[in-house]
Amino acid sequence: MPFVSRSDGAITGLYEQRQDGLAEEFLSDDDSAVLAFLAAGPAVSAVSARQFRLMLRRAGLLDQVKAWVAQQDGETQDAFEYSGTFVKDSPMMTAGFVAMGFTPQQIDGFFSAAASL
């Protein structure tokens, strides 16, 4: 039976023992929230450039993103062109996803789908 940590109500971690100030809530192993957390698997925080670009193409966003990148500074353009890895929480990614109107859930979904390619 785990102790859980939460952020904005969502479980962010499971612990065998109580963690003062972090994980003080005790739930049973068969609690639906615990089972959902375990089923979700690890969050994807980065994908390869190949995965990222293929996902952009499959989502019909490649041309739109290229147009946005072309309007950015040289460092952003170089990062898009030459990065081997795209990190979800990097400043460039954050700015790009905001410009595309993505919600945090859509960003997570995009990276999860890209990781499967």
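Me: Which residues have the most contacts inside the largest nonpolar core?

Reply: In this predicted model, local features need pLDDT of at least 70 and side-chain atom pairs count only at pLDDT 80 or more, while totals for chains, interfaces and linings use all residues. Side-chain values use heavy atoms, without hydrogens and water, and residues are numbered from 1 along each chain as its sequence is written. A nonpolar core is a set of buried Ala, Val, Leu, Ile, Met, Phe, Trp, Tyr and Cys residues joined through side-chain atoms within 4.5 Å, where buried means under 20% relative accessible area and exposed over 50%, with partly exposed in between (1.4 Å probe, protein chains only). The largest such core has 21 residues, and those with the most contacts inside it are Phe 52, Leu 56, Phe 80, Phe 86 and Phe 111.

Me: Which helices each supply at least two residues of this core?

Reply: Helices here are DSSP runs (H or I, at least four residues), numbered from the N terminus. Those that each supply at least two core residues are α2 (49–58), α3 (62–70), α5 (91–100) and α6 (104–115).

Me: Within what arc do the buried residues of α3 fall?

Reply: The buried residues of α3 are Leu 62, Val 65, Trp 68 and Val 69. Taking directions from the helix axis to the C-beta atoms, these residues line one face of the helix, because they fall within an arc of 125°.

Me: Which exposed residues does the face of α3 turned away from its buried side carry?

Reply: The buried residues of α3 are covered by elements including α2, α4 (74–82) and α5. The face turned away from that buried side carries the exposed residues Asp 63 and Ala 70.

Methods: Contact means heavy atoms within 4.5 Å.
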